[in-house]
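My notes follow the display.

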Amino acid sequence: MDIRSTLFLCCLFFLNILLSQDLIIIESSEYAIVLKKDSLKRLQHVYFGSKASNLNEYRSIDKQLRFEVKDAADLPNHVYTPSGTWNTSEPALQILHSDKNPSTELEYKQHIKKNLGDGVSLSTITLVDPIYKTEVLLFYKVYHEENVFEQWSTIKNNEVQAIELKKYASANLYFRNNDFFLTQYHGAWGSEMQPETHLLTSGIKVLDSKLGTRSNLYAPPNFILSLDGIAKEDTGKVLLGSLAWSGNYRFDFEKDRFNNLRLIAGANNFAAEYKLGANQIFETPHFIYTYSEKGKNQASINMQRWSRKYRIHEGEGDRLTLLNNWEATHFNFNEKKIVALLDQAKEIGIDVFLLDDGWFGNKYPRNNDRNGLGDWEVNQNKLPNGLSNLIKKANKRGVKFGIWIEPEMVNPKSELYENHLDWVIRQPNRKEYYYRNQLVLDLSNPEVQNHVFGVFDNLFIENSNISFVKWDANSIIYNAYSEYLARNKLPQSHLYYEYVKGLYKVLERVREKYPKIPIMLCSGGGGRVDYGALQYFTEFWPSDNTNPLDRIFMHWEYSHFYPAIAMSSHVTNWNKESSIKFRVDVASIGKLGFDIEIDKLSEEEKEFCKQALLNYKSLQKSIWHGDMYRLQDPYENPIASIQYVNQEKTSSVVFSFLISQRFQTFYSNEPILFKGLDPKKKYEIEEINLFHREITEINQEATYSGEYLMKFGFNPIVTDKRKSVVLKINEITL
Ligand code: GLA
């Protein structure tokens with residue numbers, strides 16, 4: 001190294017030291033969060049946005065801000081707003097100290113940044129209360145290339161007696177802008193992920209869940225925040241946020257007196273005060289977000305890439321196609337019916353057959369959803385030769401075998417309930433309230449954790465060759481009361497938090513022993529999906545509603561946060577009026593599977609399914625591991641269009657669907673602009689998934705540059721005769 005380079009590096013080093021005295025810079029490849037200490041040692045948010053090319057420029061951002069109003073100590077942009085002293089906004093942290101003093105002050109003490117390798121860094125900031133010595137650590141994990149940030153905090157009680165945490169956020173962010181739009185989601189069984197977008201006005205908008213186990217049912221822990229008007233696909237400042245927590249959550253969006261936005265994200269503190277003993281540390285859930293100044297498509301590409309690489313179990317691995325018997329048989333099956341389905345799975349080339357609900361319970365046979373949940377012995381009447389015989393039969397046909405369980409739950413009509421009443425979450429002195437005739441087991445109790453782990457483990461001990469598990473959880477928590485917490489003189493308000501921690505302990509053990517088994521996260525449809533759970537699961541079930549038209553909209557919304565490889569998507573008889581081609585084409589935009597009696601299909605339909613499965617396998621690199629582009633919005637257009645492109649940009653697939661048949665003369669006139677291709681590469685286009693003897697209407701001989709397809713577009717010719725069109729786009733190499 002010459003003297004000039006050495007001098008330059010030295011200058012950089014000293015500049016960094018200088019900067020680091022009162023500035024904290026947290027940067028990804030494109031964006032930065034800048035924090036600065038004020039004269040009272042309070043750490044403030046001074047910047048959130050695109051990176052500066054010169055670090056030194058961050059130093060004086062605060063000089064342009066007008067937060068420190070004369071004579072007012074109040075500060076809107078604290079990095080972790082405490083309560084009870086100078087603060088008058090929604091707090092991130094609220095503590096009742098052991099002497100019953102409700103105030104907390106947090107002074108900046110230090111920060112360190114570590115490079116964790118693999119494109120990930122972790123900045124840890126220490127804040128301390130000067131009187132009570134409560135120590136708060138704020139963690140900022142940055143996934144550099146993906147521009148994804150993961151934030152959480154820990155709170156340590158340094159008093160000699162217990163303190164009570166009344167609010168304990170994961171993250172407290174601050175955005176400066178003129179207006180903010182929020183897209184939030186709501187739903188119910190069968191109508192998950194309904195978006196609603198609105199302007200945030202002054203005051204506080206709260207999104208939360210109090211369902212205990214499966215917040216996604218009514219309101220998933222995800223949102224889209226846009227900073228310049230309503231979020232658009234390819235322009236504008238967008239933040240996608242998601243709380244990685246399978247329980248109650250709460251997001252506060254507070255538009256303050258400066259017209260800026262304070263965001264506080266974390267576990268819901270509703271009925272959940274936490275008593276923290278001396279020297280104990282409380283860890284919050286993790287809040288995950290990505291930011292883009294190039295619109296929401298880029299933001300969701302960031303999130304999807306991140307989740308495949310760092311979060312979803314085997315996110316960059318392969319998946320199995322499934323035939324499930326639930327829609328085909330419900331509880332009404334026997335060995336003969338199942339063997340017939342195994343034959344059908346083999347006939348069309350499915351990887352794994354999944355035996356759904358109804359295979360267990362003897363004293364209280366599981367013939368409907370009122371009985372037997374919790375009694376995990378094979379039902380002798382339905383399957384007299386046990387599971388292993390079925391597994392053998394499946395394997396003989398070259399089909400793998402998977403099974404459904406719902407180990408966290410119990411029917412009151414079950415031996416489990418009779419023998420272990422103290423394991424059940426229920427009020428001891430009141431009437432029980434049920435959701436789908438069942439109750440939730442108390443996972444705050446380590447004995448129950450062992451039981452739930454055992455349900456999974458025993459299946460594998462007793463039956464070799466189980467290759468897939470569907471883990472369901474259909475009930476929310478009613479009657480929130482834990483016999484275990486009461487017995488151990490712990491507050492009932494710990495239940496919601498300890499339930500989720502208990503669940504994760506079980507899932508840790510499952511994954512330690514069974515790292516390779518694909519497990520689907522299910523919950524009466526999309527009732528439970530979040531990045532806390534997905535680290536243990538390979539996929540999730542977005543909704544029991546498999547009507548292909550509805551699924552296009554749901555997939556569109558889920559795709560902001562989750563990648564196609566994780567979204568189980570099955571062909572069923574919901575909306576039987578639509579053709580099998582339409583249903584298969586729609587299911588192919590996610591992780592394809594079937595939940596249908598294949599022998600009721602015509603020979604042509606079966607042949608089509610077989611070919612479509614082969615086509616799907618040939619597209620996996622794009623659909624499972626590539627980038628997804630939302631080309632044409634189903635809410636605004638009669639034709640919806642979605643594209644996947646592999647990482648090398650050599651292969652792509654575009655799915656187009658007719659959503660509405662109004663004004664038929666117009667809807668197929670316009671080309672659709674493709675995205676994500678290499679403008680310089682040459683491509684050819686082939687229409688696949690053609691039904692029986694159908695002849696394509698597109699010209700498959702022509703070649704196009706990537707630029708042409710992205711600038712002028714391509715017309716897939718979707719008409720009422722061609723309601724779904726699948727185009728495979730391949731690079732031509734001469
Ligand atoms: C839930 C699931 C379904 C099926 C049933 C079985 O509703 O979402 O797919 O497994 O449970 O009871």
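I took two strands as paired if DSSP finds at least two bridges between them, with helices (H or I, at least four residues) and strands (E, at least two) being DSSP runs numbered from the N terminus. The model is predicted, so I kept in mind that local features need pLDDT of at least 70 and side-chain atom pairs count only at pLDDT 80 or more, while totals for chains, interfaces and linings use all residues. Residues are numbered from 1 along each chain as its sequence is written, and side-chain values use heavy atoms, with hydrogens and water left out.

**Sheet.** I found an open sheet of three strands in the order E1-E2-E3, with antiparallel pairing. Strand E1 (23–27) and strand E3 (43–50) are at the edges with a single partner strand each, so one side of each has no neighbour in the sheet. I followed strand E2 (residues 31–37) along E3 and noted seven bridges in the antiparallel sense, and I looked up Lys37, whose bridge partner in E3 is Leu43.

**Helices.** I then turned to helix H4 (residues 335–348) and helix H5 (residues 386–396), which pack at an angle of about 25 degrees with their axes 10 Å apart; axes are lines fitted to C-alpha atoms, for helices over the stretch in contact, and angles run from 0 to 180 degrees between N-to-C directions. H4 is therefore roughly parallel to H5 (angles under 35 degrees count as roughly parallel). For the contact (heavy atoms within 4.5 Å), I listed Glu335, Ile338, Val339 and Leu342 from H4, and Asn389, Leu390, Lys393 and Ala394 from H5.

Key:
Parallel < 35°, antiparallel > 145°, perpendicular 65-115°, else oblique.
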